[in-house]
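Thanks for coming, everyone. Please have a look at the sequence and the structure on the screen. I'll take it piece by piece.

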Amino acid sequence: MIEDSKHKGFQYIIVYQLDRFARNRYDSATYKAKLKKSGVRVLSAKENITDDASGILIEGVLESMAEYYR
């Protein structure tokens, strides 16, 4: 999926919850950075996270909790 994003064939990756995308913060940040370079966003169907500063904070907390419980 990361490699396919370079071909600009899609704009979004929809996951049920963010913890379905990656199980730790490092992987999540790494993959999201690669996707962002290709213009692809990761969206959660269950969690309504905005693009502003508060959304970034909430996303970080949710990812940290997922890693902790893993």
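In which helix is the place of Ile 56? Ile 56 is in α3. Keep in mind that this is a predicted model.

Let's stay with that residue. Is Ile 56 buried or exposed? Exposed, because its relative accessible area is 58% and the cut-off for exposed is over 50%. What does Ile 56 touch, once we leave aside neighbours within four places in sequence? Thr 50 and Asp 51. Now look across to Arg 25. Arg 25 is 31 residues from Ile 56 along the chain. Their C-alpha atoms are separated by 13 Å.

Next, the start of the chain. Met 1 sits in the segment before α1. Met 1 has a relative accessible area of 55%, so Met 1 is exposed as well. Leave out residues up to four places away in sequence, and Met 1 touches Phe 10 and Ile 13. Met 1 and Leu 35 are 34 residues apart in sequence. In space, C-alpha to C-alpha, they are 9.1 Å apart.

Move along to the loop between α1 and β1. Lys 8 lies there. Its phi is near 55°. That is a positive value, and Lys 8 is not a glycine. Most residues other than glycine have a negative phi. Lys 8 is also exposed, because its relative accessibility is 57%.

Now the strands. β1 covers residues 12-15. β1 and β2 pair in the parallel sense, over four bridges. Which residue of β2 stands opposite Tyr 12? Arg 41 does. Further along, Ile 14 stands opposite Leu 43 in β2.

Look at where the side chains point. In β1 they alternate. Ile 13 and Val 15 point to one face and are buried. Val 42 and Ser 44 form the covered face. Arg 41 and Leu 43 form the uncovered one.

That takes us inside. How many residues make up the largest nonpolar core? There are 10 in all. Nonpolar side chains tend to be buried together in soluble globular proteins. Set aside its neighbours within four places in sequence, and Ala 22 is in contact with Asp 27 and Ser 28.

Last stop, the largest pocket. Its volume is about 590 Å³. The lining holds 22 residues. Which of them are the closest to the centre? Lys 32, Arg 41, Val 42, Asp 51 and Glu 59. The elements that give two or more residues to the lining are α2, β2 and α3. The largest share comes from α2, with seven residues. By type, the lining divides into nine nonpolar, five polar and eight charged residues.

Notes
Residues numbered from 1 in each chain as written. Predicted model: local features only at pLDDT ≥ 70, side-chain atom pairs only at ≥ 80, totals over all residues. Heavy atoms only, no water. Core = buried A, V, L, I, M, F, W, Y, C linked by side-chain atoms within 4.5 Å. Buried < 20%, exposed > 50% of the residue type's maximum accessible area, 1.4 Å probe, protein only. Contact = heavy atoms within 4.5 Å. 1 Å grid on protein atoms, 1.4 Å probe; cavity = no way out; pocket = protein on both sides within 12 Å on 5 of 7 lines; lining within 4 Å. Points joined across faces, edges and corners; volume = space filled by probe spheres on them. Nonpolar A, V, L, I, M, F, W, Y, C, P; charged D, E, K, R; others polar. Pairing = 2+ DSSP bridges.
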